[in-house]
Amino acid sequence: MRERIHAVISDEETDYLPSIVYNVIMMGLILTSLLPLCFKGDLGGVFVVMERVITAIFLIDYLLRWICADLDSDKGPTA
């Protein structure tokens with residue numbers, strides 16, 4: 001399971017379709033997260049909800065990368 005997650009979230013396999021889709025979605029979320037910075041003042045609830053959802057997705061991405069971090073090292077999986 002961890003190897004499959006690592007294959008999707010890592011940038012090593014450039015021809016693996018799920019990895020390409022994942023990277024495109026993450027780039028889109030990064031650009032979308034910059035959108036509220038373009039406006040001044042009170043932006044309303046839409047940007048607040050958008051910011052929280054994108055932050056939650058980034059947190060999940062970080063946790064997945066942390067769980068699979070040992071697969072990037074030369075040691076391989078520890079468990």
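**Salt bridges**

I began with Asp70 and Arg2, whose side chains meet in a salt bridge (2.2 Å, N to O). This pair links distant parts of the chain, 68 residues apart: Arg2 is in helix H1 (residues 2-9) and Asp70 in the segment after helix H3 (45-67). For the term itself I used a side-chain nitrogen of Lys or Arg within 4 Å of a carboxyl oxygen of Asp or Glu. Helices are DSSP runs (H or I, at least four residues), numbered from the N terminus.

I noted for myself that this is a predicted model, where local features need pLDDT of at least 70 and side-chain atom pairs count only at pLDDT 80 or more, while totals for chains, interfaces and linings use all residues. Residues are numbered from 1 along each chain as its sequence is written, and side-chain values use heavy atoms, with hydrogens and water left out.

Next I checked cover, taking buried as under 20% relative accessible area, exposed as over 50% and partly exposed as in between (1.4 Å probe, protein chains only). Asp70 counts as buried at 17%, and Arg2 as partly exposed at 23%.

How many salt bridges does the structure hold? I found two. Asp61 and Arg65 also meet in a salt bridge (3.2 Å, N to O). Both lie in helix H3, four residues apart, about one turn of the helix. Asp61 is buried at 12%, whereas Arg65 is partly exposed at 36%.

**Surface**

I then looked up Leu17, which sits in helix H2 (residues 17-33) and is exposed at 59% relative accessible area.

How values were computed:
Helices (H or I, at least four residues) and strands (E, at least two) are DSSP runs, numbered from the N terminus.
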